[in-house]
Amino acid sequence: MHIFVTGATGLIGKHLCPFLLHHNTVTVLSRNPTKANVLFGHKVKAVSNINAVDFDTVDIVINLAGEPIVNKRWSDKQKQIIRDSRIGVTQQISEAIKACSTPPHTYISGSAVGFYGRQNSNPIDEAFENPHDEFSHQLCKDWESAAILAQSEYTRVCLLRTGIVLAKKGGALSKMLPAFKLCLGGPIGNGEQGMSWIHIDDMIQLILFIIKHTDISGPVNATAPNPVSNAQFSKSLGEILSRPAFITMPTTVLKLLMGEMSDLLTTGQFVVPEKALTHNYRFHHPDIRSALESLV
């Protein structure tokens with residue numbers, strides 16, 4: 001098959017592409033094609049412009065592109081950069097697919113559990129229809145809408161509502177570890193906010209599972225089946241590192257440091273992957289303890 005990937009050098013993409021290279025032709029979109037070739041070798045074709053891709057020859061699109069959402073404070077300018085880096089690319093791909101005479105049969109496009117906005121402790125699956133209207137929800141809603149434009153009888157569209165991806169290098173865990181190793185880790189605020197997470201291995205295997213199972217479409221929660229509170233997460237990480245984890249980060253301090261972006265840490269949701277479970281995907285790391293032990 002011919003697979004086109006955006007965001008290939010990001011956290012998920014760089015773990016996914018080596019799996020895709022087995023028996024497949026892979027084209028990746030990158031602002032730095034040289035970096036992509038250094039990372040994956042010349043087994044991939046790296047392009048810097050979507051217009052360089054003939055979508056009539058593509059079987060599967062995996063769209064993971066996007067400016068990291070927590071790298072910079074959310075000024076109006078940064079919010080627009082975050083939106084454009086996701087929605088703009090996604091619209092371009094959808095328009096290219098719609099213009100095809102033989103379009104890709106599968107379009108897997110990124111989204112996030114931020115689609116649901118801040119929620120209480122009730123478990124949330126893909127059928128949930130009462131999102132909290134805030135920046136993360138509007139971003140994901142518009143991002144998903146741009147992908148859905150490509151849906152037709154010839155192309156199925158799957159929307160990956162991804163949780164916090166846990167990996168050895170990069171991502172949220174790498175940012176947390178230094179404080180915890182120095183005995184400075186602990187919950188944020190009261191620690192009751194939900195953390196919907198997924199191990200990087202399950203993230204990759206779930207994407208491959210979706211490719212194989214052609215009856216899956218629409219929103220797919222890419223999260224482990226056992227979300228935890230922030231306090232539970234902090235306690236588990238501290239125990240695995242044999243470090244205390246009781247130093248609380250006040251929400252007021254976080255708000256001063258990060259502004260509106262702090263909402264991602266001080267609020268949350270308990271998201272469950274109902275669609276993956278219904279289709280009998282078996283998680284390698286269903287609970288936070290086993291996931292952290294394998295990574296830390």
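**Salt bridges**

Tutor: Start with R83 and D142, whose side chains form a salt bridge at 2.9 Å, N to O. The term means a side-chain nitrogen of Lys or Arg within 4 Å of a carboxyl oxygen of Asp or Glu. R83 sits in helix α3 (residues 76-98) and D142 in helix α4 (residues 135-148), so the pair ties together parts 59 residues apart in sequence. Helices are DSSP runs of H or I, at least four residues, and strands are runs of E, at least two, numbered from the N terminus.

Student: What kind of model is it, and how are residues numbered?

Tutor: It is a predicted model: local features need pLDDT of at least 70, side-chain atom pairs count only at pLDDT 80 or more, and totals for chains, interfaces and linings use all residues. Residues are numbered from 1 along each chain as its sequence is written, and side-chain values use heavy atoms, leaving out hydrogens and water.

Student: How many salt bridges in the whole structure?

Tutor: The search finds 8.

Student: Which residue does R289 pair with?

Tutor: E239, with the closest N and O atoms 2.7 Å apart. R289 is in helix α11 (residues 288-295) and E239 in helix α7 (residues 230-241), so the bridge links parts 50 residues apart in sequence.

Student: New topic. K255 and D263: buried or exposed?

Tutor: K255 is partly exposed at 40% relative accessibility. D263 is buried at 17%. Buried is under 20% relative accessible area, exposed over 50%, partly exposed in between (1.4 Å probe, protein chains only). Their salt bridge has its closest N and O atoms 3.6 Å apart. Shared partners join R118, E134, K255 and D263 into one network of salt bridges.
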